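This briefing concerns the pockets of a protein model and the ligand that accompanies it. Please consult the sequence and structure shown here alongside the points that follow.

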Amino acid sequence: AERVFSGVQPTGNLHLGNYLGAIQRFVEMQKSHDCIYCVVDQHAITVWQDPKGLQNAIREVTAAFLAAGIDPKAHIVFNQSQVAEHAELAWVFNCVARMGWLSRMTQFKEKAGKDREAASVGLFAYPALMAADILVYRATHVPVGEDQKQHLELARDIATKFNNDFAESIASHGHNGGFFPLPEPLIQGAATRVMSLRDGTKKMSKSDPSDLSRINMTDDADAIASKIRKARTDPEPLPGEEAGLKGRPEAENLVAIFAALSGRTVAEVLAEFGGGQFSTFKTALADLTVSQLAPIAGEMKRLMAEPAHIDAVLADGSERARTIAAPIMASVKDIVGFIRSR
Ligand code: TYM
């Protein structure tokens with residue numbers, strides 16, 4: 001059966017890229033699939049987090065999920081650290097994945113920077129935990145932004161190697177055709193890689209020191225309008241056709257954001273705004289962004305005032321996640337050759 005899994009790190013500053021590349025897609029997938037959405041707090045601590053700040057950020061991502069329209073009763077919303085099977089399977093995957101594979105991950109190279117010796121072991125092993133997140137539910141589809149593509153390829157490599165390394169044992173335990181599915185990335189929509197508003201060649205990111213580089217999911221209408229007004233652009237008017245966006249990363253980014261927020265295609269957006277003043281387009285984009293994000297920000301604020309309710313959602317989701325993960329983890333133990341009491 002098809003099952004959707006995805007995760008978001010609670011590291012503060014949830015932004016428009018997280019919304020368009022991931023959360024908005026999560027909402028969409030609920031219509032057709034059983035979905036599991038996870039606040040990946042164990043991934044967050046691969047870089048030191050202030051404990052109080054971490055708690056707040058976990059609740060904020062949860063609030064964003066709920067405010068955007070994820071239904072925690074029909075689907076599952078929880079935080080990773082409450083389901084021990086993630087870390088348990090990650091250990092097995094640490095022993096399946098190769099040092100060489102992990103060394104090639106661009107996110108590790110970027111985050112570790114020049115001083116790799118000083119990076120945490122967790123930051124290096126990060127993609128093996130991510131593979132475990134997905135495969136501990138034997139999930140088949142993973143909605144993510146473009147920047148997670150390489151990690152998804154690694155998850156498929158780990159699943160393939162596990163299936164091969166333990167092929168005989170897997171068959172002897174009655175699983176036909178491999179134990180883990182090869183999870184498919186779903187990189188969909190008009191804005192799978194939202195760029196910084198200050199530099200069209202850099203990704204919009206939670207950790208950019210300039211707040212003007214991103215639209216936060218909690219920004220108010222004034223902040224959104226002012227950031228879009230100040231967004232970098234080139235002096236040319238918008239082109240009438242998609243081909244005219246080539247070599248104009250800032251213009252391309254703003255048009256993609258408009259398309260994603262309005263549910264229209266890039267061609268449709270250019271048909272309306274091509275040839276016109278950039279300022280006219282920016283005003284329309286600001287209005288559109290406010291109309292889409294303000295209700296979500298308002299609902300997030302309301303939810304954040306009720307932390308006990310959020311924690312109850314996470315507790316309930318964790319319990320239901322565990323009932324799926326536990327038997328899969330038990331099978332993994334049998335396949336690997338561990339002894340366990342029944
Ligand atoms: P994270 O927390 O960095 O980002 C959460 C989601 O937002 C997407 N995203 C973007 N999409 C478009 N434009 C952007 N500028 C942009 N920035 C971020 C990300 O692609 C992601 O989908 N490793 C993951 C979290 C994770 C995970 C998983 C995801 C842990 N386990 C299992 C899927 C399945 C991460 O750091 O995402």
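The largest pocket holds about 1,300 Å³ of space; a pocket is an open set of points on a 1 Å grid over the protein atoms alone, where a 1.4 Å probe fits and protein lies on both sides within 12 Å along at least five of seven lines, and a volume is the space filled by probe spheres set on points joined across faces, edges and corners. The model is predicted: local features need pLDDT of at least 70 and side-chain atom pairs pLDDT 80 or more, while totals for chains, interfaces and linings use all residues. Residues are numbered from 1 along each chain as its sequence is written, and side-chain values use heavy atoms, without hydrogens and water.

**Largest pocket**
- The lining comprises 46 residues, of which Gln107, Lys111, Asp147, Gln148 and Lys203 are the closest to the centre; lining residues have an atom within 4 Å of a grid point.
- Helix 1 contributes the most to this lining, with five residues; helices (H or I, at least four residues) and strands (E, at least two) are DSSP runs numbered from the N terminus.
- By class, the lining has 15 nonpolar, 21 polar and 10 charged residues; Ala, Val, Leu, Ile, Met, Phe, Trp, Tyr, Cys and Pro count as nonpolar, Asp, Glu, Lys and Arg as charged, and the others, Gly among them, as polar.

**Ligand**
- The ligand sits in the largest pocket, in the sense that more than half of its atoms lie within 2 Å of the pocket's grid points.
- Around the ligand are 27 residues, the closest being Gln9, Tyr126, Asp133, Asp147 and Val194; each has a heavy atom within 4 Å of the ligand.
- Strand 1 (3-8), helix 1 (16-29) and helix 7 (121-135) each supply at least two residues of this shell.
- The shell divides into 11 nonpolar, 11 polar and five charged residues.

- A polar side-chain atom of Asp133 lies 2.7 Å from a ligand nitrogen, a polar contact being a pair of N or O atoms within 3.5 Å.
- A backbone N or O atom of Met204 is 3.0 Å from a nitrogen atom of the ligand.
- A side-chain N or O atom of Asn18 is 3.1 Å from a ligand oxygen.
- The protein covers 97% of the 710 Å² of accessible area that the ligand has on its own, by the Shrake-Rupley method with a 1.4 Å probe.

**Second largest pocket**
- About 230 Å³ of space lies in the second largest pocket.
- Helix 11 (residues 249-262) gives the largest share of its lining, six residues.

Technical notes. A polar contact is a pair of N or O atoms within 3.5 Å; within protein, one must be able to donate a hydrogen and the other to accept it, and residues adjacent in sequence count only if both atoms are side-chain atoms.
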